[in-house]
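Here's a quick briefing on a protein model. Have a look at the sequence and the 3D view first, then read on.

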Amino acid sequence: MVVVMGPEATEADIAAVVSIVETAGGEAFVSRGVARTIVGLVGDVEQFGSLNLRGMDGVRDVIRISVPYKLVSRENHAERSVVRVGGVPIGPGTMTLIAGPCAVETPEQTLQAAQMAKAAGATLLRGGAFKPRTSPYAFQGLGEQGLRILADVREETGLPVVTEVVDAHDVELVASYADMLQIGTRNAQNFALLQAAGESGKPVMLKRGMSGTIEEWLMAAEYVAQRGNLDIVLCERGIRTFEQATRNTLDISAVPVAQRLSHLPVIVDPSHSGGRRDLVLPLTRAAIAVGADGVIIDVHPHPETALCDGPQALVDGDLRELARLVRELPPVFGRALTQSPDPLAVN
């Protein structure tokens, strides 16, 4: 941390900054320039943050040099991580396709969607048993019944399951069925849920908050990591902006930025960002081209009757193009599509 003193700062002002830092157990190194003086601080940054240094006489600015998210930062973990979900790797060198129905509705619908997803090259099955919805009257998911359906479909297809958890009290239940816990955009700063997911022992997919900055996204991941769980995958799913032509605005630049700042894998959700079937494949191309470690896509056998997000779900014709896309495009960028897992590796 660096304290920048203003040109008007006196020696007494500088001495006061040094004194308060040393009293807090830190060290202060004074560097005097032609126009202004800088005080470099070494010690507990969080402790320094509580000292109200900006409010002291002569202080022009306080700049944090190190990042606040220590465990997920590349400062302390230079190599990018690979997270394995039921034997399926997500990380550098591969491109992982996660696909399935946005919501679990029936055993038949879920199995059909899973088979469609697997035929397109998916190695992980997405499906929501608990659905946080904006409207209290919208379909909220089947709960534990939906989890049982997902477990049955995993047994049938061999695809490990990624499913959302929406409440800290449900983490143990969802973790008993799922191979990976998903935390959605509405819960991206539900700190009790993040901590509970971190204690679950399961890999966690953390979607970016719809109005969250990249730093807030990484700080949310830090809540999970702080509970001893570094098996975290970040998911860029579009942010809320003034634009209404799409459901959300896909921040494609967030992928390389997050990969530079954090060692965690970063994937993209082209379904929830665009919100329209015709946008999913173009956004998938963009995600692969920018270096995403994977994509998560909605699939439904009959989207016209879907209880949740039917307009963005891919159908047979789209899936044939998706299969070609994920087979041919990743190698251009030095990646290989992940292969189906060893059934014995699935929980």
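Phe-191 is partly exposed, at 33% relative accessible area (buried is under 20%, exposed over 50%, partly exposed in between, using a 1.4 Å probe and protein chains only). Keep in mind that this is a predicted model: local features need pLDDT of at least 70, side-chain atom pairs count only at pLDDT 80 or more, and totals for chains, interfaces and linings use all residues. Residues are numbered from 1 along each chain as its sequence is written, and side-chain values use heavy atoms, leaving out hydrogens and water.

**The aromatic pair**

- You'll find one aromatic pair in the structure (ring centres of Phe, Tyr or Trp, the latter by its six-membered ring, within 6.5 Å).
- Phe-191 and Tyr-223 make up this pair, and they are stacked, with 4.4 Å between centres and 20° between planes (stacked is under 30 degrees, edge-to-face over 60, tilted the rest).
- Distant parts of the chain get linked here: Phe-191 sits in helix α6 (residues 191-198) and Tyr-223 in helix α7 (residues 214-225), 32 residues apart (helices are DSSP runs of H or I, at least four residues, numbered from the N terminus).
- Tyr-223 is partly exposed too, with a relative accessible area of 28%.

**Where α3 meets α4**

- On the α3 side (residues 107-119), the residues in contact are Pro-107, Thr-110, Leu-111, Ala-114, Gln-115 and Lys-118 (contact means heavy atoms within 4.5 Å).
- Their partners in α4 are Ile-149, Leu-150, Val-153, Glu-156 and Thr-157.

Technical notes
Axes fitted to C-alpha atoms, helices over the stretch in contact; angles between N-to-C directions. Helix = DSSP H or I, 4+ residues; strand = E, 2+ residues; numbered from the N terminus.
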